[in-house]
Each structure stands twice: as C-alpha cells, then as structure tokens.
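Visitor: I am new to reading protein structures, and I would like to go through this one with you step by step. Could you show it to me before I begin asking?

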Amino acid sequence: MSDVLVGRVYSVVYNQDDYYIMNFEPLGHRSTKVKGNLYGLLQAREGVPIKLVGKWVQNKKYGQEFVFQTWEPWAENVDDVKNFLHLCIDGFADFRWVDALVKHCGLETFDRLTNGAGEIQESIEGVSSDT
C-alpha cells in the first residue's frame, strides 16, 4: 500500500533530468526529504504544490525519506493552480491564457484538463494559447 504526501516543495537539493531530491513541506507535518522521478514536469521549484505517492524508507546515511513513484497536481487555491500550470507543465507558458483557463475552471482545472480539455478551450472565448 502506498503513502501520500500533499504539500509544497521547500527546496530542490538535487535534480538530473526527471530525478529530484527535495526538501518537502507536507500539510500538517514537518519538512521531510523526498526523492523520485517527476516525469512530465518541466521543473519543480520552491513553493510548487504537489501530491506525491510513494513509501517511507529508512536510508542508512540520511535517515527516514519518502521515495515517490508518482505525482499528481494539487492546489490549495486558484493561484496554486495557475503557478503549477505555468511553471511546471509544458504548453502553459502563456500566463494570460492560463489565467483565463483558471478563471473559467477554478479549482476543478486539473480535473477538467484531464477529462475534457477540448471543451475547455472552446469555451474560453477571446483568449488563444497561440497569441
């Protein structure tokens, strides 16, 4: 069975390609070291909100660490959604378009992108991701 940590990246200790070692601040817990691959993200940096799924392991040298196998987007508020998309996901560099998207979908943006992306783009009038 997997454990889940939800919170924010405090700092990136090491990064090579998609592999990260980070200090992470999970909600309701003290800061902890996490490591694993963040496939599909452009980058992870301080303040990025994210949900990590993995397991706790005991490292002989560094103590208890959380090794994650997968991640999911997570946000406490609409600003988190905007920042996550803009900073971490390819194709969301146009902040004006991201702002319109999140104004339209709110905290449901991640779910709507997963389950109905075509409908979203058609419903956001006057803003093009090509501009």
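Visitor: At the start of H2, which backbone nitrogen does a side-chain oxygen of Asp94 reach?
Guide: This is a predicted model, and what I tell you is computed from its atoms. Helix H2 covers residues 95-105, and at its start a side-chain oxygen of Asp94 comes to within 3.0 Å of a backbone nitrogen. The residue that carries this nitrogen is Arg96.

Visitor: Which residue follows H2, and what is its phi?
Guide: Among the buried residues of H2 are Trp97, Leu101 and Cys105. After the helix comes Gly106, and the phi of Gly106 is positive, near 60 degrees.

Visitor: How many bridges join S1 to S4?
Guide: Strand S1 takes in residues 3-16 and strand S4 residues 49-59, and the two run antiparallel. One of the pairs is formed by Asp3 and its bridge partner in S4, Gly54. The number of bridges that join S1 to S4 is six.

Visitor: Which residue in S5 does Trp56 stand opposite?
Guide: S4 and S5, the latter made of residues 63-73, pair in the antiparallel sense over 10 bridges. They form a hairpin, with three residues between the two strands. Across this pairing, the residue in S5 that stands opposite Trp56 is Phe66.

Visitor: In what order do the elements of the protein run from the N terminus on?
Guide: The secondary structure comes to three helices and five strands. Read from the N terminus on, the order of these elements is β-β-β-β-β-α-α-α.

Methods:
Residues numbered from 1 in each chain as written. Predicted model: local features only at pLDDT ≥ 70, side-chain atom pairs only at ≥ 80, totals over all residues. Heavy atoms only, no water. Buried < 20%, exposed > 50% of the residue type's maximum accessible area, 1.4 Å probe, protein only. Helix = DSSP H or I, 4+ residues; strand = E, 2+ residues; numbered from the N terminus. Polar contact = N/O pair within 3.5 Å; in protein donor to acceptor, adjacent residues only side chain to side chain. Pairing = 2+ DSSP bridges.
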